[in-house]
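The sequence and the structure are shown first, and the account follows.

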Amino acid sequence: METVLNALHVLSAVFLVGPMAILPMTALRLLRAGEQAQVGTLAKSTAVFSWASLAAVVFGFGVMGMADPKYDLSITTPWILISLLVYLAALGLNLGMVVPAMKASARDSGRSEHGGRPGGYSQLAALSGSVSLLLVVVVILMVWKP
């Protein structure tokens with residue numbers, strides 16, 4: 001059962017957390033192409049994948065609970081706690097700032113920032129890049145287990 005939970009944890013990380021990070025990057029390309037309507041659709045998809053990514057946390061707790069006692073894993077294990085907090089920060093940033101920025105960019109067709117980029121482009125790029133960096137930290141902690 002531990003192997004199944006571990007597989008589900010990794011699969012949910014790849015197929016749910018991955019799109020949570022990549023879809024906003026795709027929105028940037030669509031903004032540059034003037035496809036604001038599709039950015040609105042990606043905003044909805046990003047929100048769905050962000051909420052669904054909580055499955056990776058649930059499966060991770062399952063793996064932690066079934067781990068061999070010799071590893072002494074718990075929520076207070078430093079690499080687990082830090083990765084959970086960093087993931088929650090990425091989730092909050094995605095749902096609280098990235099998705100609203102995507103929706104605002106989808107509504108602001110035709111407005112332009114300094115440098116000719118679509119309105120909200122720079123903010124969305126910074127926010128989505130920050131989410132991606134936070135998720136990279138989570139992956140490093142999950143692999144390295146310091």
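Which residues does Leu 135 touch, not counting residues up to four places away in sequence? The partners of Leu 135 are Val 17, Met 20, Ala 21, Tyr 87 and Ala 90, where contact means heavy atoms within 4.5 Å.

## Basis of the report

The structure is a predicted model, in which local features need pLDDT of at least 70 and side-chain atom pairs count only at pLDDT 80 or more, while totals for chains, interfaces and linings use all residues. Residues are numbered from 1 along each chain as its sequence is written, and side-chain values use heavy atoms, with hydrogens and water left out.

## Overall architecture

The protein chain contains five helices and zero strands, and its pattern along the sequence is α-α-α-α-α. Helices (H or I, at least four residues) and strands (E, at least two) are DSSP runs, numbered from the N terminus. The C-alpha trace spans about 60 × 25 × 20 Å along its principal axes.

Of the 146 residues of the protein chain, 38% count as buried. Buried means under 20% relative accessible area, exposed over 50%, and partly exposed in between (1.4 Å probe, protein chains only). Among the contacts with a separation of 6 or more, 76% are between residues 24 or more positions apart.

## The nonpolar core

A nonpolar core is a set of buried Ala, Val, Leu, Ile, Met, Phe, Trp, Tyr and Cys residues joined through side-chain atoms within 4.5 Å. The largest such core has 30 residues, of which Tyr 87, Met 102, Leu 124 and Leu 135 touch the most other members. The elements that give two or more residues to this core are H1, helix H2 (36-52), H3, H4 and H5. H4 supplies the largest share of this core, 10 residues.

Thr 46 is placed in helix H2, and Asn 94 lies in helix H4. Thr 46 counts as buried because its relative accessibility is 0%; Asn 94 is also buried, with a relative accessible area of 0%. Leaving aside neighbours within four places in sequence, Thr 46 is in contact with Met 20, Leu 23, Pro 24, Asn 94, Val 99 and Met 102. With residues up to four places away likewise not counted, Asn 94 touches Met 20, Pro 24, Thr 46, Ser 50, Val 99, Pro 100 and Val 131. Thr 46 and Ala 21, 25 residues apart in sequence, are 8.2 Å apart in space, C-alpha to C-alpha.

Ser 132 belongs to helix H5. Its relative accessibility is 17%, so Ser 132 counts as buried. Beyond its neighbours within four places in sequence, Ser 132 is in contact with Ala 21 and Met 25.

## Helix H3

Helix H3 (residues 54-66) has 13 residues and reaches 19 Å from its first C-alpha to its last, close to the 18 Å expected at 1.5 Å a residue. The expected span is 1.5 Å times one less than the number of residues. In H3, Ala 56, Val 57, Gly 60, Gly 62, Val 63 and Met 64 are buried. The cover over the buried residues of H3 includes helix H1 (2-32) and helix H4 (78-107).

## The largest pocket

The largest pocket holds about 890 Å³ of space. Of the 34 residues that line this pocket, the closest to its centre are His 9, Ala 56, Gly 60, Trp 79 and Met 142. The elements that give two or more residues to the lining are H1, H3, H4 and helix H5 (121-144), and H1 provides the largest share, nine residues.

A pocket is defined on a 1 Å grid over the protein atoms alone as an open set of points where a 1.4 Å probe fits, with protein on both sides within 12 Å along at least five of seven lines; lining residues have an atom within 4 Å of a point. Grid points are joined across faces, edges and corners, and the volume is the space filled by probe spheres set on the points. The lining residues divide into 24 nonpolar, seven polar and three charged. Here Ala, Val, Leu, Ile, Met, Phe, Trp, Tyr, Cys and Pro count as nonpolar, Asp, Glu, Lys and Arg as charged, and the others, Gly among them, as polar.

## Residues with positive phi

Most residues other than glycine have a negative phi. Asp 72, in the loop between H3 and H4, has a positive phi near 50 degrees. Asp 72 counts as exposed because its relative accessibility is 62%. Lys 145, in the segment after H5, also has a positive phi near 50 degrees, and Lys 145 is partly exposed, with a relative accessible area of 47%.
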